[in-house]
Amino acid sequence: MATFEAQVEGLTGINIDSSTNPTQTQLTQFLRDGVIDVINRITRINPEELVKFANTTHDDSSGITITGKLLSVTREHDSTDILRECTPILTSDRYNATDPTSLKYRSKYNPGYYILDKKVHTVPAQSGDNNDLVVTQVHYDETITFESDDMQHYPREYIYLVPLYAACKTIVSNMGNKAMNIPSLALPPTPSAPTLSSNSVSITGTAPTYTAPTVAPDFGDANTWINTEEDPEMSGARVQVISTQLQDFQSKMQNELNQFNKENVQYQAILQKDIQDAQLSSNDDAQKLQKYQAELQSYQGEVAKEVQRTQAELGNLNADYQWLQGRYIILKQEYDGAFALMNPGAMQPQQQGER
């Protein structure tokens with residue numbers, strides 16, 4: 001069987017390692033969270049399924065740590081073949097339960113149990129010599145990692161739901177990371193007009209500067225609907241709003257570039273006229289002006305190149321985000337649908353009302 005990491009990667013199309021988002025450590029936590037969520041949802045629908053996730057442990061001295069819902073607490077009665085059912089007692093009564101003169105006394109024929117420091121203990125106290133505490137409880141496997149391909153005390157028919165749960169969380173984590181990495185424009189510095197030694201040249205225009213537009217897509221709101229509210233329709237609507245904002249940002253960048261190019265052409269024309277009208281008495285001034293013109297043209301090209309790069313990155317981000325959103329909805333519906341199939345009676349009232 002493929003590892004859980006390989007299964008999640010196959011479901012999401014996201015490569016996962018120690019430096020990605022999510023990391024392998026985070027994926028391990030998603031898987032362990034999935035174990036808990038799957039067990040809780042299944043047993044809420046059908047409590048009889050609890051026994052499929054049960055684990056029985058023995059203890060002869062220190063008590064048994066509670067890891068899940070207690071299904072049975074028993075105590076051996078001088079034999080591993082004889083188990084007496086233990087009934088719960090108040091923790092505050094644990095001493096009275098050992099006193100033969102107390103009305104709350106418990107013997108090995110009617111043992112009790114209490115919980116202290118998240119552990120189960122019996123009265124009479126568990127001990128060796130075939131008088132062990134025996135506890136059966138729901139087992140949440142916290143030993144699984146991204147490298148695992150199986151789980152302890154977990155029915156095989158439900159194992160596939162755990163990587164499916166982790167896949168949904170992986171997509172949300174990856175989408176959140178993309179939200180934090182919106183590309184920004186890295187504009188070159190605007191060339192400065194030269195200082196001329198001759199007073200016969202007067203530059204009358206003002207060199208244009210590219211002004212980048214701003215955008216603030218609300219990725220946090222979308223992630224809330226995806227991860228917290230788990231509402232595919234609302235999250236889809238939010239992602240659509242974000243996509244529109246990104247497209248608007250791309251459009252504004254292009255408009256700003258068009259305006260910048262227009263102003264630059266006008267400025268170049270004015271500058272050329274100023275030069276032609278001038279009586280240059282110095283070759284150095286002529287060289288400075290020619291160099292300045294070249295810098296302006298280079299600046300215009302660099303700005304256009306940077307805008308195109310940013311637009312391309314925004315387009316890729318938007319496409320990736322929408323693809324992940326669509327994949328999340330498919331996987332989440334498959335995950336939720338599995339539990340809906342386990343509880344067909346939940347649809348009965350609606351079906352009856354439709355008749």
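## Strand pairing

In strand 4, Thr-74 has Glu-85 as its bridge partner. The model is predicted. Strand 3 (residues 70–76) and strand 4 run antiparallel and are joined by three bridges.

Both strands belong to an open sheet of four strands, with the order 1-8-3-4 and antiparallel pairing. Strand 1 (54–59) and strand 4 (83–85) are the edge strands, each pairing on one side only. From one strand to the next, the twist averages 30°.

## Gln-137 in strand 8

Gln-137 sits in strand 8 (residues 133–138). Is Gln-137 buried or exposed? Its relative accessibility is 5%, so Gln-137 counts as buried, the cut-off being under 20%.

Its contacts beyond four places in sequence include Phe-53, Ala-54, Asn-55, Ile-64, Gly-68, Lys-69 and Leu-71. The C-alpha atoms of Gln-137 and Lys-69 are 5.5 Å apart, although 68 residues separate the two along the chain.

## Helix 2

Helix 2 (residues 24–45) has 22 residues. From first C-alpha to last, helix 2 reaches 31 Å, close to the 32 Å expected at 1.5 Å a residue.

Which residues of helix 2 are buried? Among them are Leu-27, Phe-30, Leu-31, Gly-34, Val-35, Val-38, Ile-39 and Ile-42. An α-helix has 3.6 residues a turn, so residues three or four places apart point the same way.

## Salt bridges

The structure holds twelve salt bridges. Side chains of opposite charge can pair when their charged atoms come close. One of the bridges links Lys-52 and Glu-49, at 3.2 Å from N to O. Lys-52 is partly exposed, with a relative accessible area of 36%. Glu-49, at 12%, counts as buried.

Lys-104 and Asp-93 form another salt bridge, with the closest N and O atoms 3.0 Å apart. Both residues lie in the loop between strand 5 (87–88) and strand 6 (112–116), so the pair ties together parts that are eleven residues apart in sequence. Lys-104 is partly exposed at 43% relative accessibility, whereas Asp-93 is buried at 12%.

Asp-150 pairs with Arg-156 in a salt bridge, the closest N and O atoms being 3.2 Å apart. Asp-150 is partly exposed, at 34% relative accessibility. A network of salt bridges links Asp-37, Arg-41, Lys-332 and Asp-336.

Key
Residues numbered from 1 in each chain as written. Predicted model: local features only at pLDDT ≥ 70, side-chain atom pairs only at ≥ 80, totals over all residues. Heavy atoms only, no water. Helix = DSSP H or I, 4+ residues; strand = E, 2+ residues; numbered from the N terminus. Buried < 20%, exposed > 50% of the residue type's maximum accessible area, 1.4 Å probe, protein only. Contact = heavy atoms within 4.5 Å. Expected span 1.5 Å × (residues − 1). Pairing = 2+ DSSP bridges. Axes fitted to C-alpha atoms, helices over the stretch in contact; angles between N-to-C directions. Salt bridge = Lys/Arg side-chain N within 4 Å of Asp/Glu carboxyl O.
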